[in-house]
Amino acid sequence: MTAAVAFLVLLAALAAWWLSGQRLMSRPWLATGIVEDTGGLAHMPAAKVGLGVFLAVVGALFSLFLSAYTMRMQLADWSALPVPRILWLTTLLILLASAALVWAVRSARRGEKERALDGLLAATGFGSAFLGGQLIAWDELVGSGYRLADNAANSFFYVLTGLHGAHILGGLVALVAVTVKLWRSPDAAAAQLPVELCALYWHFLGLVWLVLFAVITGWAGDFLAVCRQLLS
Amino acid sequence: MADVPLDRVAETATTEVEDLSLHHPHSWLTRYVFSQDAKTISIQYTVTALVIGFIALFLSWLMRLQLGFPGTFAFIDAAAYYQLITMHGMMMIVYVLTAVLLGGFGNYLIPLMVGARDMVFPYANMLSYWFYLLAVVILLASFFAPGGPTGAGWTLYPPQAILSGTPGQESGIILMLVSLIVFIAGFTMGGLNYVVTVLQGRTRGMTLMRMPLTVWGIFTASVMALLAFPALFVASVMMLFDKLFGTSFFMPSLIELGTRLDYGGGSPILFQHLFWFFGHPEVYIVALPAFGIVSDLIATHARRNIFGYRMMVWAILAIGALSFVVWAHHMYVSGMNPWFGFFFATTTLIIAVPTAIKVYNWILTLWRGDIHLTVPMLFALGFIVTFVNGGLSGLFLGNVVVDVPLSDTMFVVAHFHMVMGIAPVLVIFGAIYHWYPKVTGRMMNEALGKLHFWITFLGTYAIFFPMHYLGLLGVPRRYHEMGEASFFPASAQMLNAYITVLALIVGAAQLLFLFNLIWSIRHGREAGGNPWRATSLEWQTPETPPPHGNWGKEQPAVYRWAYDYNVPGVAQDFIPQNMPPEAVPLGARPASGGMS
């Protein structure tokens, strides 16, 4: 459960930082009158905070899956599956989608509607291509005889990529909705927040993919071996 | 950090907020069924959960009938008994306690107590309830599925949960897992609302340290639930794959009825880690809102400021953080590295410290208070007694050497029913009696309420206290009949029969509550806006019950914390949170300061 606990420690550190600005040591029974809220989140839109909390939940979900992965892979019957070459391409694609969204956010902030639209459309294209690439990877693996139930390594591969893909699919739906919203709205400023939210979500899923990819290819294995030695 | 500097404390007019940001419902359907008003959603959650609660109570009756009078009821065979145990446990813990305390009370109290007009994402909030209802329907459907509901025990441990010896193996276990997955998806939507509304939706002047402890409890529990439920989600998804697609996440190599199954190499212990990574925080997901609510009930009905408010807040946060590093104390019997056992025993005992602080602070709040033995107060006091008792036996079980012999006995059943069954349920009753006047505008009947309290409190105590003794004798849990063994006397069966009779009486007494709840909607005494003369914002709404948007034209501004009871030199014994300092009536109070 190392990955899950490590993720929670990270969240706890964030929470501690936030709480440190919340006057937890004040004596509320002494002061009367209006006290203005000064916390670090006070001026952030609720939707952004909401997305942040949601991403914490998604992060917990994947870190728990990774914990299960690392515990399961130590058992005797584990036999790792070959990594399809196309995963390198899809890794590039998901990073490109993130880059396109960085572009879209910058353009939306400057009020350049057309450029922002270009960025969103590019991100939607890269994102869809990513999903297509993942499906091709599945197809290749099944074709060469690595089926879901044959080995736990295969099961984890399909479940993890599937779960990540489902989140990507949700991100694509949001992207399309935001693109339509921006396309219809007269100025780019109105859609700035939704574009930022989309970008945040995609960056996070890109990060999750990089971690998953590192684990699946086995690079993370060395790191995990060190962790295990520390614990045992 | 220092106190609030005085120059920050400015006099400001209350904020006038446009009421337009909320979409007021226009039709009967959007008002009462597909409502986005947190208060309506709260009532939907509570009513649904109460229905499930009564079903689960009925299941426990059947279990007790079998245990008390084995062999008398032919339809309760071993398989049926396991199904009853499983459904009773899962329903009560997830679909009743979690749903009422977070979905029910969270939805009603968070926006009102922090002075918001509604939750920040009302649409997701509405979806949350409908997902919950769907999860409930799927769960109940398993009673009618071929093979009946699953009998895997509420912990659903593999491999037995999906093997053919376990009742409900055909479809019950699948429906259970799917229902949990849907529940968790729905809860996530609600939980985001509870957390972000506290973070971003507070009204002017409502700093975190001015929030009532109820909000602190529900807020912290929601954060924990958002992070803990994914563990159950992961475990459910993986077990569903093992069951449906023949993967071996959890399933080791097995021979069943002489045939070797296709499974191989999986780890049942892995499931236990995931399950209890959710399961232990779940105890506090239920307990923390209860702690918060009890603090407010005690302060209000003892007319005293809560003792050690800051300590109470810190304790809630400490318990929330610690509860994520104690999970393996549920797995001592599964075997583990002794160092792990030592670690988890230590964290388990450490968590008793902030919990004990809370108990002391409740007692010190009551000390020399102007205690009004109203029905909510009685339930709050009952909670303290029950919770201390259940918590103390938890200290026994937290130690590896004590847990190993007791783990599979009735002692554990007694412990967790005291601490996370009866104790939170007493709080739920107390809270319903307390906030009912705000929800309906009428009081619940007090005489009936007191009768309900005494039967429930004394009755449950009389049920579960002797159960510790049965456990110490060695009477095993999870057995559908006790059988005969040399280590316990024949009279142990008499104790079992006595417990069953009491369980029937206490269960039936809950109909008093149900009757009171329904009857008082029309026939209760008119309550007015603030019948308990309480300080927190929900009692200061311009209308009772509060309409959609809660506050009319003007959102309240908050000038003080939530516990200004019996402030010296003030003419009334409470000061509402939204009363500006210059409006506070000064002067001596009439001698009969309080009235009930």
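Helices (H or I, at least four residues) and strands (E, at least two) are DSSP runs, numbered from the N terminus. This is a predicted model, in which local features need pLDDT of at least 70 and side-chain atom pairs count only at pLDDT 80 or more, while totals for chains, interfaces and linings use all residues. Residues are numbered from 1 along each chain as its sequence is written, and chains are lettered from A and ligands numbered from 1 in the order in which they are written.

View 1. An unreviewed UniProt entry marks "transmembrane region" at residues 45-66, 86-105, 117-136, 156-180 and 200-226 of chain A. UniProt positions follow the numbering used here, feature names are shortened, and annotations may be inferred rather than shown by experiment. Residues 45-66 of chain A are 95% helix and 0% strand, with end C-alpha atoms 32 Å apart. For residues 86-105 of chain A the figures are 100% helix and 0% strand, with 29 Å between the end C-alpha atoms.

**View 2. Helix α3 of chain A.** Here we follow α3(A), residues 86-110: its 25 residues reach 36 Å from first C-alpha to last, close to the 36 Å expected (1.5 Å times one less than the number of residues). Its buried residues include A:Leu87, A:Ile94, A:Leu101 and A:Val105; buried means that 20 or more other C-beta atoms, placed from the backbone, lie within 10 Å of the residue's own. Among the elements covering the buried residues of α3(A) are α4 (113-143) and α6 (192-217) of chain A. Just after α3(A), look for A:Gly111, which has a positive phi of about 85°.

**View 3. Where chain A meets chain B.** In this pairing, 42 residues of chain A are in contact with 56 residues of chain B (contact: C-beta atoms, placed from the backbone, within 7 Å). On the chain A side, the elements giving two or more residues are α1 (2-19), α2 (46-73) and α5 (152-184). The largest share, 13 residues, comes from α2(A). This side divides into 30 nonpolar, six polar and six charged residues. Ala, Val, Leu, Ile, Met, Phe, Trp, Tyr, Cys and Pro count as nonpolar, Asp, Glu, Lys and Arg as charged, and the others, Gly among them, as polar. For the complex, the predictor gives an ipTM of 0.93 and a pTM of 0.93.

**View 4. Chain B, its annotated domain and its confidence.** UniProt (unreviewed entry) places "domain: Cytochrome oxidase subunit I profile" at residues 28-559 of chain B. That span is 67% helix and 1% strand, and its end C-alpha atoms lie 38 Å apart. Chain B averages a pLDDT of 91, with 94% of the residues scoring at least 70; pLDDT is the predictor's confidence in each residue, from 0 to 100. Over residues 1-20 of chain B the pLDDT is below 50.

Technical notes:
Buried ≥ 20, exposed ≤ 12 C-beta atoms within 10 Å, placed from the backbone. Contact = placed C-beta atoms within 7 Å.
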